[in-house]
Amino acid sequence: MITLDNVTLCYRDRPAVHHLSGQFAPGSLTAIVGPNGAGKSTLLGGLMGRIAPSTGRIGLPAGLAGRIAYLPQQADIDRSFPVSVLDVVMLGHWGRLGAWRAGGAAHRTQALEALAAVGLAGVERRAIGELSAGQFQRVLFARLLLQDAPVLLLDEPFNAIDERTTADLLTLLHRWHAEGRTVVAVLHDLAQVRAHFPHTLLLAREPIAWGATTEVLQPQHLQRARLQAEHWEAQAPWCEAPGSAAALPGPRIAA
Ligand code: ADP
Ligand code: MG
């Protein structure tokens, strides 16, 4: 169980995620949705341990530290670096090999199998800069396959990705879920969330709703998330007294 207890995540003194409490159960499949700037990527950073909570606590089960796989937003990746597809997939072995040990023949074979599993057999020598967005996303999913992690955090995995690739990668995601892994994905397409994700966290810096997807994606919740987003730019104060209603960013909107 990954547990969040009144978590606030800040950049300098600005809260980006505010007073978030809840749980990701082992083996759960959860979508995180919310407006731009809602703190979705920041929350994944918190779960990865890259951003320490300013208040509250993120509890990970013993042994999980360092075993969480993470897929960044494509926009955050520089693809001009001249490395091959195989190099990128082989990075999935790092957690087990250590950074300075070269992968052997068996690891190379596994990487080629992972590429085949995402429909990219035969492209291992290509430079990553030559691939389409969809092909590159398949490469990153091949890397996730090699990582063999019990928890996967995916930031907008299907953004600007073609339909065919999205369908194939959703199948992989369901396979991970069936294998009992915990999967958390930031998504924008609510129809996709309704069709594929049993649980949803609707975030607008503070949580609007978290639970069964059909309960969470109700019009009044989505409306409230939108209203929060309209107001937070101008007036998101530093949380002076964590837990006090007066310290929450923006006006409080009655549910
Ligand atoms: P989302 O992923 O939901 O679009 P983010 O988590 O990226 O939202 O951002 C939440 C808020 O934190 C935004 O106001 C954003 O401008 C701010 N933010 C994000 N990253 C940084 C950063 N590295 N430094 C300062 N502020 C940031
Ligand atoms: Mg984001």
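The structure is a prediction, in which local features need pLDDT of at least 70 and side-chain atom pairs count only at pLDDT 80 or more, while totals for chains, interfaces and linings use all residues. Residues are numbered from 1 along each chain as its sequence is written, chains are lettered from A and ligands numbered from 1 in the order in which they are written, and side-chain values use heavy atoms, with hydrogens and water left out.

Helices (H or I, at least four residues) and strands (E, at least two) are DSSP runs numbered from the N terminus, and two strands are said to pair if DSSP finds at least two bridges between them. Strand E6 (residues 151-155) is mostly covered, with five of its five residues buried, where buried means under 20% relative accessible area, exposed means over 50%, and partly exposed lies in between, with a 1.4 Å probe and protein chains only. In a regular strand the side chains alternate between the two faces of the sheet.

Strand E6 pairs in the parallel sense with E5 over four bridges, and Leu153 of E6 is the bridge partner of Tyr70. Strand E7 (residues 182-186) also runs parallel to E6, to which five bridges join it, and here Leu153 stands opposite Val184. E8 and E9 form a hairpin with one residue between them, and Arg205 in the turn has a positive phi of about 70°.

Helix H1 is mostly covered, as seven of its nine residues are buried; these are Lys40, Thr42, Leu43, Leu44, Gly45, Gly46 and Leu47. After H1 comes Gly49, whose phi is positive, near 85°.

**The magnesium ion**

The magnesium ion (ligand 2) has Ser41 (OG) and Gln73 (OE1) as its protein donors, which lie 2.1 to 2.5 Å from it. Ser41 lies in helix H1 (residues 40-48) and Gln73 in the loop between strand E5 (68-71) and H2, so the pair ties together parts that are 32 residues apart in sequence. Ser41 counts as partly exposed, at 30% relative accessibility. Donors are N, O and S atoms within 2.8 Å of the metal (3.2 Å for Na, K and Ca), and because water is not among the atoms, sites may look incomplete.

**Salt bridges**

A search of the whole structure finds six salt bridges, each being a side-chain nitrogen of Lys or Arg within 4 Å of a carboxyl oxygen of Asp or Glu. The table lists some of them.

| Asp168 | Arg138 | 3.0 Å |

Asp168 forms a salt bridge with Arg138. Asp168 lies in helix H6 (residues 163-178) and Arg138 in helix H5 (residues 133-147), so this pair ties together parts that are 30 residues apart in sequence. Asp168 is partly exposed at 28% relative accessibility, whereas Arg138 is buried at 10%. Asp168 and Arg164, being four residues apart in helix H6, are separated by about one helical turn, and Arg164 is exposed at 60%. Asp148, Arg175, Glu179 and Arg181 are linked in a network of salt bridges; of these, Glu179 is partly exposed at 42%, and Arg181 is buried at 17%.

**A cavity and a pocket**

On a 1 Å grid over the protein atoms alone, a cavity is a set of points where a 1.4 Å probe fits but cannot get out, and a pocket is an open set with protein on both sides within 12 Å along at least five of seven lines, while lining residues have an atom within 4 Å of a point. Grid points are joined across faces, edges and corners, and a volume is the space filled by probe spheres set on the points.

The count comes to one cavity of 30 Å³ or more. The largest cavity is lined by Leu144, Leu145, Asp148, Ala149, Leu152, Trp176 and Arg181. The second largest pocket holds about 260 Å³ of space, and among its 13 lining residues the closest to its centre are Ile77, Asp78, Leu91, Ile128 and Arg143.
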